[in-house]
Amino acid sequence: MYRILQTLLITLCLLVSAHVTGLRAADDLGALISALGTAKLAELDDRIAALAKSGDPRVIPVLEALGEGNLYARKADGGVFLTTEKGTNLVLVDPLDGADIGEVPKGELQKIKVNNAVRRAVRSALGGLTLFSADAEARLKAAQSMRQTPNAGALEAIETALAAEKDAAVRKTLDEARAVTLLVSDRPDDDKRAAIKALAEGGGREALGVLTSALSSADASLKPDIEAALQRIEQAQAFWNAGQNVWYGLSLGSVLLLAAIGLAITFGVMGIINMAHGEMVMLGAYTTFLVQDVIRGSYPALFDWSLAIALPLAFLVTGIVGLAIERSVIRFLYGRPLETLLATWGISLILQQSVRSIFGPTNREVGNPSWMAGAFELGGLTITWNRLWIIVFALAVFAALLFLLKRTSMGLRMRAVTQNRHMASSMGIRTPWVDALTFALGSGIAGMAGVALSQIDNVSPNLGQGYIIDSFMVVVFGGVGNLWGTLVGAFSLGILNKFLEPYAGAVLGKILVLVLIILFIQKKPRGLFALKGRAVEA
Amino acid sequence: MITSFLLKSLDRSIVVVVAILLGLAIAIPALNLLTAPDHPLHVPTFLVSLFGKYLTYALLALALDLVWGFCGILSLGHAAFFALGGYAMGMYLMRQIGARGSYGNPLLPDFMVFLNWKELPWFWQGFDMFWFAALMVVLVPGLLAFVFGWFAFRSRVNGVYLSIITQAMTYALLLAFFRNDMGFGGNNGLTDFKDILGFNIQADGTRAALFAASALTLALCLVLTTAIVRSKYGKVLVAVRDAESRTRFLGYRVEHIKLFAFTVSAMMAGIAGALYVPQVGIINPGEFEPGNSIEVVIWTAVGGRGTLIGPIVGAILVNGGKSIFTAAFPEFWLFALGGLFVFVTLFLPKGVVGTASAYLARRKAHRRAADAENARDNLVAEPMAAE
């Protein structure tokens, strides 16, 4: 009997004590929240810090409400509530359990007033709280915001979060945030030196900004360290900037190469000033749009393959259009290059207007397949997949074209006809058909370029016009009739453009490039790699 | 002596065209100003400006024809000279606004006040005087053409290459004038003009006067180009067009000959632009579009390259067609223009005027041959009758 009584008593005691500790926790938080209601403006900072220290997720809505001015204290008993406005009444919500308490006229409540200093405290406290959020994205964002606006008070929270953090990207940002915060805290100088060193190693624009602002407020003893770190980061940045410029230049060069390579055939090899070249690029882009449209409607699973499907189709469509143009117009104009300019300009107007009539004048949506979306980091470079693929694609098209021209019998015939039409004809080559196929080939390649360019440019009826002048510049700069010249011309113009841009601005850079080309043509009227021999004068 | 030279060099068709232009210069303003609005022969003011615009286009086409038709230089940048002349005139008109702009600044044009500029840039100095602006209308395009041509012709940049670098030139200017920092109003260009030479630019009388000025200038330039083309220099010009190397080997300085034609042509284009701007009321960087220059080429080609009347006829025909078509079937216009390019190059390489005059010449020759035949027949017949 006694034992039973004893057991019962102990159980009861345990239950009660458990209940009491539960109550205590709730009471603590409740007391902390109620304390907000009675605090003066100057005391709010401390109270917010105390709330944030609890690390309780229930604090988040309270702090948010406080920041937005939706936290009210009841005049009767000093209870603090989250509120939403409803006419002249306020709907009260209990801050602890989220229970709806009901509507009360505004007069019964007192708004907890905040100023900008308090709002800042709220923001940084919230940042510290979301550092412990379960969502990695939210944690990353919090860490970034703490890195942006370092707050000495948050240092402990950051260190706690850092100890628990598993995600590598968040860790990296947190590490930087910690170093930044450490600099503004009152930790010993040695710690700060270590933090400066860590920041300098990490590099990046954020570290640069943080160190620059730390420089003005730092102790005299720390200044040389910060300056050295700044210099180090700047050097690293200059290096990576140059690298990034080369990369952008390569990327622009590949776009130029793609746009110009078809023209290198029709203009460079055949001597036709093909102003409709840009419209072939545009037709290729619209083919991609159509293919994706069909895939979206009927076979969504194939979307990642859309470009692979569009490539041969674009080649075929623009090749056939090219063939039709050659047979119907251009074959009457051989040997009169300036007349081909006018006729093909006319054709380009007709093609543009046709596309405008069929698809409308606005931009059409062409999506990136998943393997072309996104980017990756290489050292200090950010490399987007679509740009990388376009470089690869441009080089592949170039190689294939070179192979076709130099290693196949079709290519041999093409070169024979363009070099000496009469001799080729005497040798039994059907020159009219070779002409037609060469033009179709040039147009088809322009169409394939259109598939690639649809990934980085707006697909509109004016797409081609943006490329036509640049394409001519590339071909003329590189040397007419020389594919290697086109390759070198495209990449050197691309890189030159991107290196001029930071100093002169995008537009002025482009103008400078144009002026340089004009001057260059004075010096070498036949381009970088001029054809030699009698063919030149013909 | 000069008059007799000019008279000698004008053939009948040029005289007729000049007479028509002079007649228009009197008739259209008269019909606009002196007749009542409901009179059947009344020409509304908007039409006067529209016709005036066509005449400036015709002048531009004539300028292009001098270099393309007679010297074989296909310039794809003539709209740039036109636009430069237009900007020079536009700057004068902007300075005339004075304190009446929206910001009421007596010195700075509105866009400069908007961009927070404190003082007038150096290249805007002097444009408050008409004579200075008029000088710049000719000098700026002329100087650009001279420098550009000097380099290009000296290093023997020819044919297609020249066409493409002239296109690059106008494209570079297009990009440059789009920049706000250039000080030419950026994207919006120059507009909201109020006065020209103290006359309200919107007034009927001013419009009519501008039309008459355009017609007179066109007539004058037609006479001038005819004189150039018919002179000894003109013969060499054609020789350069047809056989450049041979002309050079004969001892002519081909680059100087080309340079002269190119510079004169650019100046004429500049004048055309200066007459265009007050009639249209705006000049913006869009005028530098490479497409515009190519359109000028098609006007010339439609009318007939290498004939002096052709470009005038072509410019008026194509632009008249454009005004009608774009109003009636806006979708259809680009098809029509594109088709026109193809049709003219394929089937009308000499253009309307060239084909017509060739036809007339052939018929004349035919008739003369027939007359000669008849005469011979008669000659043969008479003795027979006498027998």
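Let me start with confidence in chain A. pLDDT is the predictor's confidence in each residue, from 0 to 100. Helices here are DSSP runs of H or I, at least four residues, and strands are runs of E, at least two, numbered from the N terminus. For chain A, the mean pLDDT is 81, and 91% of its residues reach 70 or more.

This is a predicted model: local features need pLDDT of at least 70, side-chain atom pairs count only at pLDDT 80 or more, and totals for chains, interfaces and linings use all residues. Residues are numbered from 1 along each chain as its sequence is written, while chains are lettered from A and ligands numbered from 1 in the order in which they are written.

Now chain B. Its secondary structure comes to 15 helices and four strands. The C-alpha atoms fill a box of roughly 100 × 60 × 50 Å along the principal axes. Of its 387 residues, 44% count as buried, that is, with 20 or more other C-beta atoms within 10 Å of their own, C-beta atoms being placed from the backbone.

On to the interface. 37 residues of chain B are in contact with 32 residues of chain A; contact means C-beta atoms, placed from the backbone, within 7 Å. On the chain B side, the elements giving two or more residues are H6 (130–154), H7 (159–178), H12 (290–303) and H14 (332–347) of chain B. H7(B) gives the most, with 14 residues.

Notes. Two residues are in contact if their C-beta atoms, placed from the backbone, lie within 7 Å. A residue is buried if 20 or more other C-beta atoms lie within 10 Å of its own, exposed if 12 or fewer, and partly exposed in between; C-beta atoms are placed from the backbone.
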